[in-house]
Amino acid sequence: MTYPHQIVKGLFSVLLVAVLASCEDVISPALQQAVPILVVDGWIDNRMEMQTITLTQSQPYFDAVTPPGVTGAVVSVVDGQGMVYVFAENTAKPGAYEWTPSAFDVLADGERYRLVVTIGSEVFEATSKMGRVPQIDSISFEKDEQLSTGDEITRGEFWATEPIGIGDAYWIRTYKNGIPLLKPSELNIAFDAGPSIGAQTDGVTFIAPVRRRINSNDEDADGVALSPISSGDSVQVQIHSITTAAFTYLTEVGIQTNRPGGFQELFSTPLANVSTNIVNTNPAGSKVVGFFNVAAVSTAGKRYIP
């Protein structure tokens, strides 16, 4: 599975490249070293497959290496009835803590879950309620004309009706030929059936900007957009239910990673840490960032054969 830490790790590197590529002189300013803090990547769901919670340490902004994993922690998730799901440490993958569900311990819709991470004498916690998720009715493909070149391109679109009742949120994730779309511009989240809170799109078919954002944003060497879909390509769409807090978190991730670069960066939203729902049970203890969400998932896939 692929989760926001993989977006964040790769996407800030994209930001750095975009900014530096627009300058003639590359500079490496000396930044004050900060004390590493715990980063919790706790995005799990109700699918019958291995679930992973990843613990890493933060690192200096200009370090282009994989963040070090945190080992020796005790990680568990507790449901509202007191059932404890233990995430065992994978010693071959430092920082990865794993649990595989069975027919007797499946994560359930509407249930509230509590994450507990113990590292030494410190305990970090977060809560999340699994929301409902609509089923995907179908995936369709349509041909369109590229405005800049007049070339014919093909785009995909998913169809699903958002359930009645204001306040549902979703992360729509797309895999093209089995590879997840992870660019900042490809992050696709929805509140009810629209792209933002307050859009008044409850209980209807997901609106076009959400449905059509399942397409890749690839360009050729000249910066001309390529057709997102070609003959034989397969597209899989997953709708993950997320909390309102998770919607806000992913919105902030999008703002902080989808940067214009170059001169336009002077007028962009300043870089800043995104929000978190993880807390240290000792208010005077060490800081923590990251997020915990438990999702229900619906999935559909289709291969494009013109």
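1. S1 and S2 form an antiparallel pair over four bridges, where strands are DSSP runs of E of at least two residues, numbered from the N terminus, and two strands pair if DSSP finds at least two bridges between them. A hairpin of five residues connects S1 to S2. Within this pairing, Leu38 lies opposite Gln57 in S2.

2. The model is predicted: local features need pLDDT of at least 70, side-chain atom pairs count only at pLDDT 80 or more, and totals for chains, interfaces and linings use all residues. Residues are numbered from 1 along each chain as its sequence is written, and side-chain values use heavy atoms, with hydrogens and water left out.

3. Overall, the chain contains three helices and 16 strands; helices are DSSP runs of H or I of at least four residues. Of its 306 residues, 42% are buried, meaning under 20% relative accessible area with a 1.4 Å probe and protein chains only. The accessible surface of the chain is about 15700 Å², and carbon and sulfur atoms hold 56% of that area; areas come from the Shrake-Rupley method with a 1.4 Å probe.

4. Contacts (heavy atoms within 4.5 Å) can be sorted by separation in sequence. Among those between residues at least 6 apart, 65% join residues at least 24 apart.

5. Nine strands make an open sheet with mixed pairing, in the order S14-S7-S6-S3-S4-S5-S2-S1-S15. Strand S14 (279-280) and strand S15 (288-295) are its edges, each pairing on one side only. Helix H3 (residues 244-257) packs on the sheet and touches strand S1 (38-45) and S15. The direction of H3 makes about 125° with that of S15, with axes fitted as lines to C-alpha atoms, for helices over the stretch in contact, and angles taken from 0 to 180 degrees between N-to-C directions.

6. Strand S2 (residues 51-57) is mostly covered, with six of its seven residues buried. S2 also runs antiparallel to strand S5 (residues 96-99), to which four bridges join it.

7. Strand S6 (residues 112-119) pairs with strand S7 (residues 122-129) in the antiparallel sense over eight bridges. Tyr113 has Ser128 of S7 as its bridge partner, and Ile119 has Glu122. The hairpin of S6 and S7 has two residues between the strands, and Gly120 takes a positive phi near 60° there. Strand S3 (residues 74-79) is also antiparallel to S6, over six bridges, and Val74 stands opposite Thr118 in S6.

8. The whole structure holds eleven aromatic pairs; rings of Phe, Tyr and Trp (its six-membered ring) pair if their centres lie within 6.5 Å. The ring centres of Trp43 and Trp171 are 5.6 Å apart and their planes stand at 70°, so this pair is edge-to-face, a class that requires over 60 degrees between planes. The pair links distant parts of the chain, 128 residues apart: Trp43 belongs to strand S1 and Trp171 to strand S10 (residues 169-176). Both Trp43 and Trp171 are buried.

9. Ring pairs join Trp43, Trp171, Tyr249 and Phe291 into a cluster.

Methods: Buried < 20%, exposed > 50% of the residue type's maximum accessible area, 1.4 Å probe, protein only. Phe/Tyr/Trp six-rings, centres within 6.5 Å; stacked < 30°, edge-to-face > 60°.
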